[in-house]
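Reader: Can you walk me through this one? I'll ask as we go.

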Amino acid sequence: MAENRTEEVGELLVALASSELDNVSEDEINTKVTDMISLMGESSARANLVGEVGSGGKVVQECSSYSSYKRVVSVLTSAIALEAGSEFAEHVDALAAGLCFLLSQNSLAEEDTKNLSEEAKSNLSQLVASEKDASAAKTKDAFLSVAYKNVEESNQGCFVPALILATACSQAQSDLTEDDAANFRSDLLNLLGRRLFSTTMPSTAREVRLCGPLLQGLTKEEFDSAIVRPLKFNLASKPGAAMEALVALVQYLVQQGKNDYLRSYLAGPSNIVASATAQLTASESAYSAAAAELLLAIVHAFPNEGAQLVSKSLVSALQQNPTEPLYSSLQQVGTAMLQLKGTEHGDDYSSLAENDVLPALQQGNQQDAAAALSVWANLQQTVSPPPATKPGVQ
């Protein structure tokens with residue numbers, strides 16, 4: 001009977017993934033999950049599971065709710081840890097790939113994906129820690145093998161959970177020295193940078209946002225070497241394709257209070273302002289929205305110098321090759337700057353409007369420029385708050 005159940009384990013997991021179980025009592029669900037996990041102790045059960053997980057299996061197709069995903073994650077993490085602890089561990093790579101594929105589904109809300117990744121991370125940390133260090137090492141290597149695979153449509157996004165879970169397994173290794181940990185961190189960030197800004201398939205904004213656990217504690221030195229290096233190469237070869245990921249990265253750094261990491265890349269040879277502006281004059285407009293969003297993010301990150309650099313870059317491009325995206329971007333940037341009206345950041349906006357932006361807009365196509373002209377005319381009227389005076393002093 002037990003042998004028959006191990007042969008049917010794939011079908012059992014598909015049934016466990018069904019949303020029909022969402023309405024079953026919690027005790028009954030826990031019993032079913034525990035029963036499935038107990039079957040994972042059999043190597044034949046783990047082998048039979050491989051065919052139903054991953055891009056070609058039915059499990060992902062069946063999952064349609066957070067609860068169904070969570071049930072499958074519990075079973076898969078147990079199967080992976082047990083397989084890694086077995087003598088040959090021949091299916092650990094395939095099981096790890098299946099879990100990463102599950103966690104990379106865009107049908108999941110981002111918050112649900114984060115929670116499921118944390119669930120998988122917590123499960124694996126406990127499971128591999130209870131085994132030998134060799135088990136943790138095998139599990140870590142299995143997830144790294146997923147992350148190192150060339151990015152294609154079939155596995156896009158899998159590198160994010162793969163690197164998160166590889167990190168969890170690395171941290172569970174009690175025999176890891178400080179040098180080993182430092183080398184792992186360096187290798188992980190270098191791979192992360194290459195995945196975020198791949199020249200063949202750069203990451204989406206969602207994927208960048210899901211990389212938060214990997215970017216925690218990111219130093220300026222790590223940013224410059226691991227993240228910016230592949231970004232530079234991407235901007236030199238396919239700058240448009242990098243815009244979406246770059247916007248999300250800038251927004252993340254600002255959220256973490258690490259604006260200064262970007263300061264040296266606002267001008268000079270690695271000029272992200274110029275790269276974004278160029279997309280607004282390109283004949284192919286596929287990346288213009290992301291480019292405009294990037295310029296807006298830079299203004300928010302650097303209300304003084306960023307606003308000046310972005311505005312002047314747009315004006316320069318407008319004078320050479322006026323396009324509708326340039327007018328639209330100037331309107332968006334001006335609107336963002338208007339929100340800073342009357343603050344210390346807005347001190348130089350009036351002269352910027354009067355001397356640089358308005359003359360260029362007035363010489364352009366008046367129909368395309370109308371909305372931007374209205375915004376920048378308001379900025380020209382910005383008056384800095386008068387300096388404070390001491391009580392009694394006129």
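**A buried valine, then the rest**

Author: Val 59 is buried, because its relative accessible area is 2%. Buried means under 20% relative accessible area, exposed over 50%, and partly exposed in between, with a 1.4 Å probe and protein chains only.

Reader: Before we go on, what kind of model is this, and what are the pLDDT limits?

Author: This is a predicted model, in which local features need pLDDT of at least 70, side-chain atom pairs count only at pLDDT 80 or more, and totals for chains, interfaces and linings use all residues. Residues are numbered from 1 along each chain as its sequence is written, and side-chain values use heavy atoms, with hydrogens and water left out.

Reader: Back to Val 59. Which helix does Val 59 lie in?

Author: Val 59 lies in helix H5, residues 59-62. Helices (H or I, at least four residues) and strands (E, at least two) are DSSP runs, numbered from the N terminus.

Reader: Which residues is Val 59 in contact with, leaving aside neighbours within four places in sequence?

Author: With those neighbours left aside, Val 59 is in contact with Leu 13, Val 14, Ala 17, Glu 52, Val 53 and Val 72. Contact means heavy atoms within 4.5 Å.

Reader: Zoom out. How many helices and strands does the protein chain have?

Author: The protein chain has 22 helices and zero strands. Its C-alpha trace spans about 90 × 50 × 45 Å along the principal axes. The chain has 394 residues, and 48% of them count as buried.

Reader: What about the accessible surface?

Author: The accessible surface of the protein chain is about 18400 Å², and 47% of that belongs to carbon and sulfur atoms. The areas come from the Shrake-Rupley method with a 1.4 Å probe; for residues, only the protein chains shown count as cover.

Reader: What share of contacts comes from residues 24 or more positions apart?

Author: 74% of the contacts in the protein chain with a separation of 6 or more.

Reader: Pockets now. How much space lies in the largest pocket?

Author: About 420 Å³. A pocket is found on a 1 Å grid over the protein atoms alone: an open set of points where a 1.4 Å probe fits, with protein on both sides within 12 Å along at least five of seven lines; lining residues have an atom within 4 Å of a point. Grid points are joined across faces, edges and corners, and a volume is the space filled by probe spheres set on the points.

Reader: Which residues lie nearest its centre?

Author: Of the 24 residues lining the largest pocket, Lys 114, Arg 209, Leu 210, Gly 212 and Pro 213 lie nearest its centre. By class, the lining has nine nonpolar, nine polar and six charged residues. Ala, Val, Leu, Ile, Met, Phe, Trp, Tyr, Cys and Pro count as nonpolar, Asp, Glu, Lys and Arg as charged, and the others, Gly among them, as polar.

Reader: Which helices supply at least two residues of that lining?

Author: H8 (110-129), H10 (159-171), H12 (205-210), H13 (212-215) and H15 (243-255).

Reader: New topic. How many aromatic pairs?

Author: Two aromatic pairs. Rings of Phe, Tyr and Trp (its six-membered ring) pair if their centres lie within 6.5 Å; planes under 30 degrees apart count as stacked, over 60 as edge-to-face and the rest as tilted. Phe 223 and Tyr 261 form a tilted pair, 5.7 Å centre to centre with 40° between the planes. This pair links distant parts of the chain: Phe 223 is in helix H14 (residues 220-237) and Tyr 261 in helix H16 (residues 260-263), 38 residues apart.

Reader: And the pair of Phe 223 and Tyr 265: what angle between the planes?

Author: 70°, edge-to-face, at 6.2 Å centre to centre. Tyr 265 sits in the loop between H16 and helix H17 (272-279), 42 residues from Phe 223. Phe 223, Tyr 261 and Tyr 265 form one aromatic cluster.

Reader: Is Phe 223 buried or exposed?

Author: Phe 223 counts as buried, because its relative accessibility is 2%.
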